[in-house]
Amino acid sequence: MRASLFLLLPTTLFTLTTSLAIEKRDNHAWPKSIRSFYTAVSNRLSTIPPDTLSSLTSATCNLGNPSMPTIPDLPPVTEGLTLYHVAIGRGTQNYTCDPKDPNSIPVAAGASATLYNTTCMSSIAPLAMAQLTGSALSMPTPKGNERLFPAQAFVSGQHYFTGPAPTFNLHTNSHNYGIQFAGLLNKVPVPEQMIQPGQNVGKDGSKPVPWLKLSSSNALSDTAPGVVQQALSSDGSPVEEIYRVNTAGGSPPKTCDGMKKDFEVEYAAEYWFWGR
């Protein structure tokens, strides 16, 4: 499968073209979060070999040999499926607590994240790709009007929950990659040796949430009545499996001591979509 240039990560495209503009403009012309965002990404890009950067700006990229991160006990992609889409998710994992019992364990209550398109980068620059979730977690997410420019133009969609079902809404004003309702197949904790402060641990000390394998076939039919339960790939085939890998942050504290009834923990993750 081949994908066009607009499928590149927005940070890669815009950083290559706007870094100089940011330097030339009045410091107050760009919101602080945007300036810090591109400064950090520019530093990351400076470690990528020149030939790789040249490939990133070519007209197309080859997705025929993708290399999705994996860990022990996480089942592989089902044979016969091909890569359809890859995105970096940046948002929050949500939890609830019993305010009357500080020793109780926080209960997961869904998630909310913006998905940024990294389809081409996942194939062309996997080493750079591997650093993105940690980088994304370390930087503030632009809010309000700041989200509209410049990275918003390359947003894949939104991740949230529809009842108990993880939902991936890849339908925006600029494209329609479908809406995916998923169900859990496998959940694997991140091995302790892979947990690295400053890389995949949040500033609040939150450890990376587990890696997941999801399947659209497990979506609950009564979750969203009347809504198509599968996203369709460019050739009309359904997306069948979704992986959440290379997670950063998002895990709750061990107990509810000192926590509000409802609270959020910031996280980032790679989401890989596979179909036929």
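**Figure 1. F168 and F273 in the interior.** F168 counts as buried because its relative accessibility is 0%. Buried means under 20% relative accessible area, exposed means over 50%, and partly exposed lies in between, with a 1.4 Å probe and protein chains only. F273 is also buried, at a relative accessible area of 1%. The model is predicted: local features need pLDDT of at least 70, side-chain atom pairs count only at pLDDT 80 or more, and totals for chains, interfaces and linings use all residues. Residues are numbered from 1 along each chain as its sequence is written, and side-chain values use heavy atoms, leaving out hydrogens and water.

**Figure 2. Overview of the fold.** The protein has 6 helices and 11 strands. Both are DSSP runs numbered from the N terminus: helices are H or I with at least four residues, strands are E with at least two. Of the 276 residues in the protein, 49% are buried. Contact means heavy atoms within 4.5 Å. Among contacts between residues at least 6 apart in sequence, 77% join residues at least 24 apart.

**Figure 3. Aromatic pairs.** The whole structure holds 5 aromatic pairs. Y84 and Y177 form an edge-to-face pair, because their ring centres are 6.4 Å apart and their planes stand at 80°. The pair links distant parts of the chain: Y84 is in strand β3 (residues 82-96), Y177 is in strand β7 (residues 176-181), and 93 residues separate them. Y84 and Y177 are both buried. F168 and F273 have ring centres 5.5 Å apart and planes at 90°, so this pair is edge-to-face too. F168 sits in strand β6 (residues 165-171) and F273 in strand β11 (residues 262-275), 105 residues apart, so that this pair also links distant parts of the chain. F168, Y271 and F273 make up one aromatic cluster. Rings of Phe, Tyr and Trp (its six-membered ring) pair if their centres lie within 6.5 Å; planes under 30 degrees apart are stacked, over 60 edge-to-face, and the rest tilted.

**Figure 4. The open sheet.** Nine strands lie in the order β7-β6-β5-β4-β3-β11-β10-β9-β8, with antiparallel pairing. At the edges are β7 and β8 (183-188), each pairing on one side only. From one strand to the next, the twist averages 20°. Here axes are lines fitted to C-alpha atoms, for helices over the stretch in contact, and angles run from 0 to 180 degrees between N-to-C directions. Two strands pair if DSSP finds at least two bridges between them. β3 and β4 are antiparallel over 9 bridges. There, Y95 has A108 in β4 as its bridge partner. β4 and β5 run antiparallel and are joined by 4 bridges. Y116 has V155 in β5 as its bridge partner.

**Figure 5. Strand β6 and its two neighbours.** How many residues of β6 are buried? The strand is mostly covered, with 6 of its 7 residues buried. On one side, β5 (residues 155-162) pairs with β6 in the antiparallel sense over 5 bridges. T162 stands opposite A165 in β6, and F161 stands opposite P166 in β6. The β5 and β6 hairpin has 2 residues between the strands, and G163 takes a positive phi near 60°. β6 and β7 also run antiparallel, joined by 4 bridges. T167 faces F181 in β7 across this pairing. A hairpin of 4 residues joins β6 to β7.

**Figure 6. Two nonpolar cores.** A nonpolar core is a set of buried Ala, Val, Leu, Ile, Met, Phe, Trp, Tyr and Cys residues joined through side-chain atoms within 4.5 Å. The largest core has 22 residues, and those with the most contacts inside it are L115, F168, L214, I242, Y267, Y271 and F273. Elements giving two or more residues are β3, β4 (107-117), β6, β9 (211-215), β10 (239-249) and β11. β11 supplies the largest share, 6 residues. A second, separate core has 21 residues, including L74, L83, V188 and W211. Beyond its neighbours within four places in sequence, I242 contacts F168, Q180, A182, L212, K213, L214, Y271, W272 and F273.

**Figure 7. R90, a buried arginine.** R90 lies in strand β3. Its relative accessible area is 6%, so R90 is buried. Which side chain makes a polar contact with that of R90? The side chain of E266 does, at 2.6 Å.

Terms used:
A polar contact is a pair of N or O atoms within 3.5 Å; within protein, one must be able to donate a hydrogen and the other to accept it, and residues adjacent in sequence count only if both atoms are side-chain atoms.
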